[in-house]
Amino acid sequence: MSLVWTLIATFLYAEIGVVMLLVLPVFSPYKWNRFFKSKFLSMLAQQAHLYFFLIMGVLVLFLLEAIREMRKYSNYENTGEVHLNVEMQHSMRLFRAQRNFYISGFAIFLVLVIRRLVTLISAQANLLAQSEASMKQAQSATAAARSLINEKTDKAKEATEDTTLNELNKLRERVQELTADLNREKKDKEAVKSQAESLNREYDRLTEEYSKLQKQITIGAAGGASNKDD
């Protein structure tokens, strides 16, 4: 293998390693995106399109060269008089042309695959960042809504407690008024009862005096009658 095709084969092996790193879950999309946006790669990204088309142009040229050699050595006709060494050299050159065709073809294919994988990983990292930002925004909105609901609930509880306290105060005042009325009625009842007792005592006293007076009148009438008889 010549030096040029050795370099292309080395480039193909490097591409296979890069594809394996990008495909296998070795690093997260965040780390890959951070690596893609590093200072060194950012400097290279300014001329990435130029490098991409340059590499693709070189690989396409070598692919066309391999195709040309394949067609050249595929049209060989064995006449039977050619020496065995010449036939072996011809077969070896055809094999090399086919090998170079596959090397350059897979190198071109993997360049396109790597470019697409880098684009997809960067897009995935951006989507994950956006989803996390949306999730954080939704969580903050949920927390704000909960705090607002709790605040309204606390205010409603405070208003309910104030209303309950006012009602209790009014009820307490009403009970106090009723208690005062009841005490006043008790006092009035006791006053009426004492007045009735005094009236009963006065009635009994008057009754006794009336009885005594009646007895005296009866005794006096009986004494006057006896005096008339004499």
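Start with Asn 100, which counts as buried because its relative accessible area is 4%. Here buried means under 20% relative accessible area, exposed means over 50%, and partly exposed is what lies in between, using a 1.4 Å probe and protein chains only. Asn 100 sits in helix 5. If you set aside its neighbours within four places in sequence, Asn 100 is in contact with Trp 5, Ala 66 and Glu 69; contact means heavy atoms within 4.5 Å.

Before going further, a word on what you're looking at. This is a predicted model, in which local features need pLDDT of at least 70 and side-chain atom pairs count only at pLDDT 80 or more, while totals for chains, interfaces and linings use all residues. Residues are numbered from 1 along each chain as its sequence is written, and side-chain values use heavy atoms, with hydrogens and water left out.

Now zoom out. The protein chain has five helices and zero strands, so named from DSSP runs (H or I, at least four residues, for helices; E, at least two, for strands) and numbered from the N terminus. Reading along the sequence gives the pattern α-α-α-α-α. Of the 230 residues in the protein chain, 14% are buried. Take the contacts between residues at least 6 apart in sequence: 85% of them join residues at least 24 apart. The protein chain exposes about 18600 Å², and carbon and sulfur atoms supply 62% of that; the areas come from the Shrake-Rupley method with a 1.4 Å probe, and for residues only the protein chains shown count as cover.

Where do the buried nonpolar side chains gather? The largest nonpolar core has 20 residues, and Leu 22 and Leu 59 touch the most other members. Helix 1 (3-23), helix 4 (48-74) and helix 5 (84-229) are the elements that give two or more residues to this core. Helix 5 supplies the largest share, eight residues. A nonpolar core, in this sense, is a set of buried Ala, Val, Leu, Ile, Met, Phe, Trp, Tyr and Cys residues joined through side-chain atoms within 4.5 Å.

Go back to Trp 5, one of the residues that Asn 100 touches. Trp 5 is buried, at a relative accessible area of 9%. How many aromatic pairs are there? The count comes to two, where rings of Phe, Tyr and Trp (its six-membered ring) pair if their centres lie within 6.5 Å, with planes under 30 degrees apart called stacked, over 60 edge-to-face and the rest tilted. Trp 5 and Phe 62 have ring centres 5.3 Å apart and planes at 75°, so this pair is edge-to-face. Because Trp 5 lies in helix 1 and Phe 62 in helix 4, the pair ties together parts that are 57 residues apart in sequence. Phe 62 is partly exposed, at 24% relative accessibility. Phe 101 and Tyr 102 also pair edge-to-face, since their ring centres are 5.5 Å apart and their planes are at 65°. Phe 101 counts as partly exposed at 27% relative accessibility.

At 14% relative accessibility, Tyr 73 counts as buried. Leaving out residues up to four places away in sequence, Tyr 73 touches His 90, Arg 93 and Leu 94.

Next come the charged side chains. Side chains of opposite charge can pair when their charged atoms come close. A search of the whole structure finds three salt bridges, each needing a side-chain nitrogen of Lys or Arg within 4 Å of a carboxyl oxygen of Asp or Glu. Arg 68 and Glu 65 meet in one of them, at 2.6 Å from N to O; both residues lie in helix 4, three residues apart, about one turn of the helix. In helix 5, Glu 177 and Arg 174 are also three residues apart, about one turn, and the closest N and O atoms of their salt bridge are 3.5 Å apart. Asp 181 and Arg 184 form a salt bridge at 2.1 Å, N to O. Asp 181 is partly exposed, with a relative accessible area of 29%, and Arg 184 is partly exposed at 46%.
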